[in-house]
Amino acid sequence: MGYFEQLSQKIEMKKANIGVIGMGYVGLPLAVEMVRVGFSVCGIDLNEGKIKSLKEGNSYINDISDQDLQECLDTNRFFPTNNYAIVKELDAISICVPTPLSENQDPDTSYITSVIESIKPYMKKGILVTLESTTYPGTTEELILKEFKRMGYEPGSDIFLCYSPERVDPGNQSFHTNNVPKVMGGITEKCNQVGELLYSNYIEKVVPVSSPKVAEMSKLLENTFRSVNIAFVNEIAMMCERMDIDVWEVIDAAATKPFGFMKFQPGPGIGGHCIPLDPMYLSWKAKGFRFYSKFIDLAQSINNNMPDVVVGKTSQALNIYGKSINSSRILILGMAYKPNISDLRESPGLYLYELYKENGAEVDYYDPHAHSFIDDDGFIIHSISYSKDQLKQYDCLVLVTNHSDFDYDELANLGVPIVDTRNAFKDYDQPHIHKLGTTSKVNKKQNEFIAL
């Protein structure tokens, strides 16, 4: 019996031992799904704090509750560890490590290469390795396949290699790891078959494609599509401000069309791991083929400029009251990059915080989910405690993240000027609430004065 048949049999009988490398927002939920369907899983992460927390049944991921984690531990089939030596006991590995951008906005694949170097001493024939980290087309072959071939392994024969991009949406109540279709691209047909066989145990629908490059490109297309459309609607929002039109009303009106329109909304910028980074991975790779994407670069420029647009909106709001950003007390409402989660990765609120500081403001933030972050000066910044009386002491409140547990009625009736970047106060038509994508009150007053 060959390695393909041996591994397939182990998977079908749920006797395959699986390792998930990277116990973050992607890896931990994936490991939990694997354990739930009956596999034995080793959760590997070099962060000792994470491993300690997992062993104690304390989840640090919003989408995985302490109860979910404890149930996995109680099966005696989930083993958190920071020791790569466990790889020699595994039949399949899923790699879920970060792929950030460097300071020069180039792909940083060092986490992937570090993992490969760490597992090489413990590799054995017949193992399936699946990369899930978002990256540029060609990564699986260039960084992993080449190394395995140097070791004498032949893909599809004595080792199996696939790429299957993660599609995690933190905080999404409808779509989770198990019910989001999973694209699977194997180096060979047998790689694809064994990859699909394994993942179909804990993913409702696996979508096989012809190669890892297709799978890698599909993930970048998904998020570049979103980046470009978000940039477009951000530009429309700025246009509407000039034309004295409420962009939010325009979007809602357009969204009533049952075909041919997809609803995107403006905001203070883009955040999370995927949308700010994935288009730059694609743009960088394309340049290697002497192809320059104007759409991607323009969209990135517009989206990256949105925090500055919000600062300008804040300045206009304060001007009405005879104040400037300099020396004003500003409170950012919501620091996480999206509602109802604690994830701060690439959050536009972080950039806004620094911009307000640079403009001389005294800045605080309140977020019931994200309790602290480290600013550009290396200081730990903590969320303030919620107090109605304390909030009244600020010169301006800037709504960055529209958490559902904010008391919008109470905030709207504080009487403190509010800059709303998410249309969270759409039901409050009060003069001290200034929405992104609507004409500023300063311009209205000037126009009225000219008319007189």
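This is a predicted model: local features need pLDDT of at least 70, side-chain atom pairs count only at pLDDT 80 or more; totals for chains, interfaces and linings use all residues.

A: Phe 295 counts as exposed, because its relative accessibility is 63% and the cut-off for exposed is over 50%. Phe 295 sits in helix α11, which covers residues 294-320. Asp 108 is 187 residues away from Phe 295 in sequence, and their C-alpha atoms are 23 Å apart in space.

Lys 435 gives a contrast. Its relative accessibility is 14%, so Lys 435 counts as buried; the limit for buried is under 20%. Lys 435 belongs to strand β15, made up of residues 433-435. Leaving out residues up to four places away in sequence, Lys 435 touches Glu 241, Asp 246, Trp 248, Lys 313, Asp 420 and Asn 423. Val 419 is 16 residues from Lys 435 in sequence, while the C-alpha atoms of the two lie 5.8 Å apart.

Asn 423 lies in the loop between β14 (418-420) and β15. With 10% relative accessibility, Asn 423 counts as buried. The backbone angle phi of Asn 423 is near 60°, which is a positive value in a residue other than glycine.

Asn 340 also has a positive phi, near 65°, and is likewise not a glycine. Its place is the loop between β9 (329-333) and α12 (348-358). At 33% relative accessibility, Asn 340 counts as partly exposed, because partly exposed is the class between the two cut-offs.

An unreviewed UniProt entry annotates residues 331-427 as "domain: UDP-glucose/GDP-mannose dehydrogenase C-terminal". In the model, that span is 21% helix and 22% strand, and its end C-alpha atoms lie 21 Å apart.

Glu 33 is a further buried residue, as its relative accessibility is 11%. Helix α2, running over residues 27-36, contains Glu 33. Apart from neighbours within four places in sequence, Glu 33 is in contact with Thr 177, Asn 178 and Tyr 202.

Now for the protein chain as a whole. It has 15 helices and 15 strands. The radius of gyration is 25 Å, close to the 22 Å given by the globule rule for 452 residues, so the chain is as compact as a globular protein of that length. Along its principal axes, the C-alpha trace spans about 90 × 50 × 45 Å.

Of the 452 residues, 52% count as buried; Glu 33 is one example of a buried residue. Among contacts in the chain with a separation of 6 or more, 68% are between residues 24 or more positions apart.

Methods. Residues are numbered from 1 along each chain as its sequence is written. Side-chain values use heavy atoms; hydrogens and water are left out. Helices (H or I, at least four residues) and strands (E, at least two) are DSSP runs, numbered from the N terminus. The radius of gyration is taken over C-alpha atoms; the globule rule is 2.2 Å times the number of residues to the power 0.38. Buried means under 20% relative accessible area, exposed over 50%, partly exposed in between (1.4 Å probe, protein chains only). Contact means heavy atoms within 4.5 Å. UniProt positions are given in the numbering used here, feature names are shortened, and annotations may be inferred rather than shown by experiment.
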